[in-house]
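Reader: I'd like to go through this model and ask what stands behind the labels. Could you show it to me?

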Amino acid sequence: MRTASFAPLLVVSLVVIPACSDDVSTPVVASWLEWSDSVTAGVPFGIRVYGEMGQSATSLRVRITVARDTITIQPYSVEPPCRDICALSIHAFDTLVWVPAISASVPRSVTVRTPSGWHQVDRVPIRTFGALTVSPDTVVQPLTRSVGVGSGFQDGLGCSIISHGASRLVSANQSPPWAPGFYGFVYGRVDPVLGSPCALDAPVILVDSIAQ
């Protein structure tokens with residue numbers, strides 16, 4: 001049985017988020033988010049943020065804003081915008097950020113949003129990645145929402161896999177409608193109980209939808 005965990009499959013660059021005293025210099029786009037679909041009211045909780053940036057990943061900072069029923073995650077770099085070297089110097093990041101405790105006397109739904117460059121060229125709007133439930137009761141074994149820009153393919157052993165960056169997730173459906181492959185915006189859930197149905201030992205994702 002797989003236990004619930006935010007541990008990444010591969011930590012490319014684990015970023016320490018310092019105090020928010022730095023001035024915002026360069027906005028950074030998140031490509032993938034993971035969070036518990038249910039959290040306990042009054043308790044801080046984590047959201048894992050993946051992406052790539054032209055500056056050094058050590059310059060990454062993340063601003064978390066909770067306003068009414070919306071959590072906004074805004075990554076940025078404290079380095080100035082890069083110029084000609086950007087194409088030759090792309091750094092992946094994978095970091096866990098903490099959201100302040102949210103109060104709730106009855107279960108409430110909270111939207112999770114972050115800047116996304118999916119299908120955008122001239123501007124980077126803040127996109128809704130999904131939602132979570134804040135419950136006044138203690139949450140037991142929640143699923144993990146796993147959402148973002150990814151691709152699907154079959155490996156050499158015929159296992160259907162969804163990848164984002166250096167991370168791999170095994171599709172719960174091994175005869176998926178997207179076979180033999182896709183590139184798109186994935187909305188899914190990782191079930192901590194399900195074991196991998198194929199040779200790759202990785203978390204299992206149940207795909208809700210794919211936008212291409």
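Reader: Trp178 and Phe182: buried or exposed?

Author: Trp178 is buried, and Phe182 is buried as well. Buried means under 20% relative accessible area, exposed over 50%, and partly exposed in between, with a 1.4 Å probe and protein chains only. Before we go on: this is a predicted model, where local features need pLDDT of at least 70, side-chain atom pairs count only at pLDDT 80 or more, and totals for chains, interfaces and linings use all residues. Residues are numbered from 1 along each chain as its sequence is written, and side-chain values use heavy atoms, with hydrogens and water left out.

Reader: Why is the pair of Phe129 and Phe185 called edge-to-face?

Author: Rings of Phe, Tyr and Trp (its six-membered ring) pair if their centres lie within 6.5 Å; planes under 30 degrees apart are stacked, over 60 edge-to-face, the rest tilted. By this rule there are 3 aromatic pairs. Phe129 and Phe185 have ring centres 5.1 Å apart and planes at 75°, so the pair is edge-to-face. The two residues sit 56 apart in the chain, Phe129 in strand β9 and Phe185 in strand β13 (residues 182–190). Strands here are DSSP runs of E, at least two residues, numbered from the N terminus. Together with Tyr187, Phe129 and Phe185 form one aromatic cluster.

Reader: What makes Phe129 and Phe185 buried?

Author: Phe129 has a relative accessible area of 1%, so it counts as buried. Phe185 comes out at 0%, so it is buried too.

Reader: And why is Arg168 called partly exposed?

Author: Its relative accessibility is 31%, so Arg168 counts as partly exposed. Arg168 is found in strand β12 (residues 167–171). A polar atom of the Arg168 side chain lies 3.3 Å from the backbone oxygen of Gly165; a polar contact is a pair of N or O atoms within 3.5 Å, where within protein one must be able to donate a hydrogen and the other to accept it, and residues adjacent in sequence count only if both atoms are side-chain atoms.

Reader: Which strands does β8 pair with, and over how many bridges?

Author: Strands pair if DSSP finds at least two bridges between them. β8 (residues 108–115) runs parallel to β6 (residues 70–77), with 3 bridges, while β8 and β9 (residues 126–135) are antiparallel over 8 bridges. Val112 in β8 stands opposite Ile71 and also opposite Gly130 in β9.

Note on methods. Helices (H or I, at least four residues) and strands (E, at least two) are DSSP runs, numbered from the N terminus.
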